[in-house]
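Trainee: I am new to this structure and would like to go through it step by step. May we proceed by question and answer?

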Amino acid sequence: MLPTETPAPDGTGIVHLGLSNFHRAHQAVHTAAALAGGGPWGILGVAPRSAGIADAMAAQEDRYAVVEISPEGERVVVPAVHTGTAVAVREPERVLGALAAESTRIVSLTVTEQGYTIDPRTGGLDLDHPGVRADLAGSATTAVGLVARGLLRRARGHGAPVSVLSCDNLLGNGDVTARLVREFAAALPPGDAAALGSYLDTVTFPNSMVDRIVPATTDATRAAAARLLGTADAVPVPSEPFSMWALEDRFAAGRPAWDRAGAGVPGAVFTDDVAGYELLKLRLLNGTHSLIAYLGALAGEDLIARSVARPAVRGAAERVLHDDHLPTVAVPAGVDADAYAARLFTRWSNTALGHRTRQVGSDGSLKLAQRIPGPAARHLADGRMPHHLALTVAAWLACVAPPPGSDPGPHAAAMAEPARDRLAATAGGPAPAHVRAGLELLGGELPDAFAARVTELFEVLVRHGVDDAVAEAAGTRSAA
Ligand code: CS2
């Protein structure tokens, strides 16, 4: 059994949807810290579809290691907070039973931007999504369907309170989740809609900002875990040492003492200004991260750390962060924006971490929807062109939907992009129409002037490469 310092939880008060590396290195570690104070805060870890991690954890008594990697060295923590794992598509009844159990006080989620089944055109629940349609007809496979059907059982049963905690990189993630579940409820047959609708008045959906850079597991992670633990772990998680969590303290049935530091992480911040932390993080970190990933991949870089070490990419990242993202954020009281920004560059420069451009660049149509239209609209309304936000969109398109005959390189080609086929349809046509198709996916109805600037930068990128495009965005490119 993997050695741990986490005290055994006194029950399973949390059902978590999404057994990703991010959950396992973030919420799980903060929960391990909280359990030093005791409590019924064990976690049933539910993988939506794939059994790999769930079954490997089950074969290890639900334990795994988090390997914290920094240039100074490695450190291991075994956050033994899971009391079981399940796979929703394989055992839906068991998962629904757990969601509905009276002992469940928190249902948390890390299902990625894609997992919320949002229609980008409306920002609401995608009622045409095949999974959503099936869930409305009686199954429970999507995140929203699982949560709603679990809550419906609670409503029809004991009616005990619960909170739903989104831990994904969505602006207002709790509010968004509440809205999607309500939209699902409203689309149910009248009896169910009424029962769930009134129970939902008792459920809270705290907003939260989550932050820890967590790459994919590799053979090197497994080797490091085995070396540090003295025993094999099939599913360890690599992570940076940094971790941050800011949440609203609105829990209908209690919560772990996540404000406790321990297991290598500082305590979470409970605040009424989660929105400030979310904007700061989604824009400065995630928004800039996307630009680094796309430009880096186009320049042939596999790793984020190597990308940001390139002067052109570093320069563009500084500009997008300071000129385009930071001015749109009301920095929360007590946060030093300059120190925050400087620390981001240190975090991104962690070469030992092995964070890949393809990981950050994947699902761009969904991630950029959270990261670009909001700040871009702010600048454009003030009559200012956010050149480096335009460069971010151009670099995304150059990676995932380049014109035929232009090769974005292996790292861009390896990026997952749910809209790849849709974008391929316009990639061979005129660039302005192609860019418009890309911007439509991001939503936000940005003015034509922005689309025109994206088009210019896209053309420079695919014809002349990263250095020229960065110079063009900065206004320092000499006429070709
Ligand atoms: C990244 C995030 O992949 C991405 O889009 O920007 O996963 C980022 O590493 C985390 O949000 C850091 O907290």
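Trainee: How many of the residues of strand E2 (residues 43-47) are buried?

Mentor: Please keep in mind that this is a predicted model. Ile43, Gly45 and Ala47 point one way from E2, while Leu44 and Val46 point the other way. Residues on either side are buried, and the strand is mostly covered, with a buried count of 5 of its 5 residues.

Trainee: Which residue of E5 stands opposite Ile43?

Mentor: E2 pairs with strand E5 (residues 82-87) in the parallel sense, over 5 bridges. E2 also pairs in the parallel sense with strand E1 (residues 14-17), over 4 bridges, and there His16 stands opposite Gly45. In E5, the residue opposite Ile43 is His82.

Trainee: How is the aromatic pair of Trp245 and Trp258 classed?

Mentor: The model holds 3 aromatic pairs. For Trp245 and Trp258 the centre-to-centre distance is 4.6 Å and the angle between the planes is 50°. Planes under 30 degrees apart would count as stacked and those over 60 as edge-to-face, so the angle of 50° makes this pair tilted.

Trainee: How many residues apart in sequence are the parts that this pair ties together?

Mentor: Trp245 lies in strand E10 (residues 244-247). Trp258 lies in the loop between E10 and strand E11 (269-270), so the pair ties together parts whose separation in sequence is 13 residues.

Trainee: Why is the pair of Phe251 and Trp258 classed as it is?

Mentor: The ring centres of Phe251 and Trp258 are 6.0 Å apart. Their planes stand at 70°, and an angle over 60 degrees is required for this class, so the pair is edge-to-face.

Trainee: Is Phe251 buried or exposed?

Mentor: Ring pairs link Phe251 with Trp245 and Trp258 into a cluster. Trp245 is buried, and Trp258 is buried as well, with a relative accessible area of 0%. Phe251 has 13% relative accessibility, and the limit is under 20%, so Phe251 counts as buried.

Trainee: At what distance from the ring centre of Phe270 does Arg255 lie?

Mentor: Two arginine placements may be considered here. Arg24 lies over the face of Tyr64, at 4.6 Å from the ring centre. Arg255 lies over the face of Phe270, and its distance from the ring centre is 3.7 Å.

Trainee: What percentage of the area that the ligand exposes when taken alone does the protein bury?

Mentor: The residues surrounding the ligand include Asn169, Asp211, Arg212, Lys281 and His355. Polar side-chain atoms of Asp211 and Lys281 each lie 2.6 Å from an oxygen atom of the ligand, and a polar backbone atom of Arg212 is 2.9 Å from a ligand oxygen atom. Taken alone, the ligand exposes 340 Å², and the share of this that the protein buries is 90%.

Trainee: Which element gives the largest share of the shell around the ligand?

Mentor: The elements that give two or more residues to this shell are helix H10 (274-298), helix H14 (357-361) and helix H15 (364-371). The largest share is 3 residues, and it comes from H10.

Methods. Residues numbered from 1 in each chain as written. Predicted model: local features only at pLDDT ≥ 70, side-chain atom pairs only at ≥ 80, totals over all residues. Heavy atoms only, no water. Phe/Tyr/Trp six-rings, centres within 6.5 Å; stacked < 30°, edge-to-face > 60°. Buried < 20%, exposed > 50% of the residue type's maximum accessible area, 1.4 Å probe, protein only. Lys NZ or Arg CZ within 6 Å of the ring centre and 35° of its normal. Pairing = 2+ DSSP bridges. Near = heavy atom within 4 Å. Polar contact = N/O pair within 3.5 Å; in protein donor to acceptor, adjacent residues only side chain to side chain. Areas by Shrake-Rupley, 256 points an atom, 1.4 Å probe, with all protein chains shown as cover.
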